[in-house]
Amino acid sequence: MKSAVEPSAAFLTDRYPELGRGPVSVEPYVSPEYYEREKVHIFKKTWLQVGRVEEIPKAGDYFVKELAACDTEIIVVRNKAGQIRAMHNVCAHRLNQVVYEKCGNTRKFFCKFHGWAYDLDGKLTGVPDESCFFDLDKADYGLTQVSCDVWEGFIFVNMDPNPAQTLAEFMRPVYGDVEGYPFDKLTCGFAWTSVVNCNWKLALDAFQEAYHVAYIHGNSIADAIDKSEGGSMRPLDVVCGDLHRRLSLAGNQKSVYGNPKAVTSGGAAAQEALAESAGARPIAAAALRAGMGSARHEFPLDALPEGVNWTKHPNWLFDINVVFPDFYLSLRPNYCQAYNFRPIAHNKTLFEGRVYYPEMTTAGGRFFQEYMKVALRDVLLEDMSTVERTQLAAQTGAKQHMVLQDGEVLVRHGAHVVDRLVNAAQSV
Ligand code: FES
Ligand SMILES: [Fe+2]
């Protein structure tokens, strides 16, 4: 099908002929049966991001993560040697959940049912009244281990006991050139958790295109759009790998939300950011003025790794990175957003959003962070209330397909990859 208005530049989508240009099926977004296949062929076989190393800095620190798409709950813990381990939260005796708390610090895990004790590696070390068991060899009854590894401080787990790829092999094809980004200097911030009534892909899709920003975010952050790029936030560039995908975006450097360097660079960058939108956004401008110069670290653009702002565009705003299947990592020079869209059911998703900033050394800096938390919450509400309505509309059956434009190429790629894995597995 030929579109009525062709942009002058070549379509980004056409770089990936396997994606085609055609309509995309709605069925994967509404079918409970399709979701069951995603669980088996994707979520139980793939590396999944579950947290950061800073959450469990000391030996014995742990957190528990429910992974509904894997039909399990896992304990992620730092052991005595300082390594991070993951194991199913299932007692080897009569299968009670061993840990009830969501996070904490402990020397051992004691099952609350009959008191079996496990060390930080999941080895069974204590059994009350052990002599009444029949030839019980404690070495056979540890907690079931889950594959676990760390990339740039992000902890990943894989339900496959023998993953087809190491975590490094999984990440490097698209994200090798992002390694070295200063994640370790972005240790402060805020988080949200919310159950969203829509399919996990539908929620993620709203974060892997910027076509909607001018419209749905028209009253909140649309002045961040770099109008020189066509007015609808067209991607500067796109990379689609075998699994992962990313795109880069420009921003209006003369707006408080469109200038990514303002708060940590201060000076000329901050003055530029206030140039156009300070009048229209007086509170945002006040927050920016209060926060300028407060960050503990500097983040010079030329110190960023090659894979961040890889087009080196002068008006760069941020990069959207989507780590397959459900991890969205948006990178700016001085803060980042790490969102997970964890499936709960075919039409229910657990959104876990974390935003990481550098430590702010003044009260003004803290005020800036608080302001950004509230501003971003409003933007997220604009997204999430929309996708719940989209899910209801998709479930009516009125439409079997959706049409995508070139700027929505990551949405197309995401649907393509999921379908390829689900169907390849079926045809074996
Ligand atoms: S079920 Fe855990 S000790 Fe019995
Ligand atoms: Fe949005």
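1. Which residues does the domain assignment of the protein chain give to domain 1 and to domain 2? In this predicted model, domain 1 takes in 13–30 + 180–427, while domain 2 covers 45–176.

2. The separation of the two domains may be stated as a distance between their C-alpha centres, which is 31 Å.

3. The domains also touch. On the side of domain 1, 19 residues are in contact with domain 2, and eleven residues of domain 2 take part in return. Within domain 1, the strands β15 (316–323) and β17 (336–345) each supply at least two residues of the side that touches domain 2. Strand β17 gives the most to this side, namely four residues.

4. As to composition, the side of domain 1 that touches domain 2 has nine nonpolar residues, together with six polar and four charged ones.

5. A separate point concerns a sheet. Strands β7, β8 and β9 form an open sheet of three strands, in the order β7-β8-β9 and with antiparallel pairing. The edge strands of this sheet are β7 (109–110) and β9 (124–126), each of which pairs on one side only.

6. Strand β8 comprises residues 117–118 and is joined to β9 by two bridges, the two strands running antiparallel. At Tyr-118, the bridge partner in β9 is Leu-124. In general, strands of a sheet pair through backbone hydrogen bonds, in either a parallel or an antiparallel manner.

How values were computed:
Residues are numbered from 1 along each chain as its sequence is written. Chains are lettered from A and ligands numbered from 1 in the order in which they are written. This is a predicted model: local features need pLDDT of at least 70, side-chain atom pairs count only at pLDDT 80 or more; totals for chains, interfaces and linings use all residues. Two strands pair if DSSP finds at least two bridges between them. Domain bounds come from an automatic or database domain assignment. Two residues are in contact if their C-beta atoms, placed from the backbone, lie within 7 Å. Ala, Val, Leu, Ile, Met, Phe, Trp, Tyr, Cys and Pro count as nonpolar, Asp, Glu, Lys and Arg as charged, and the others, Gly among them, as polar.
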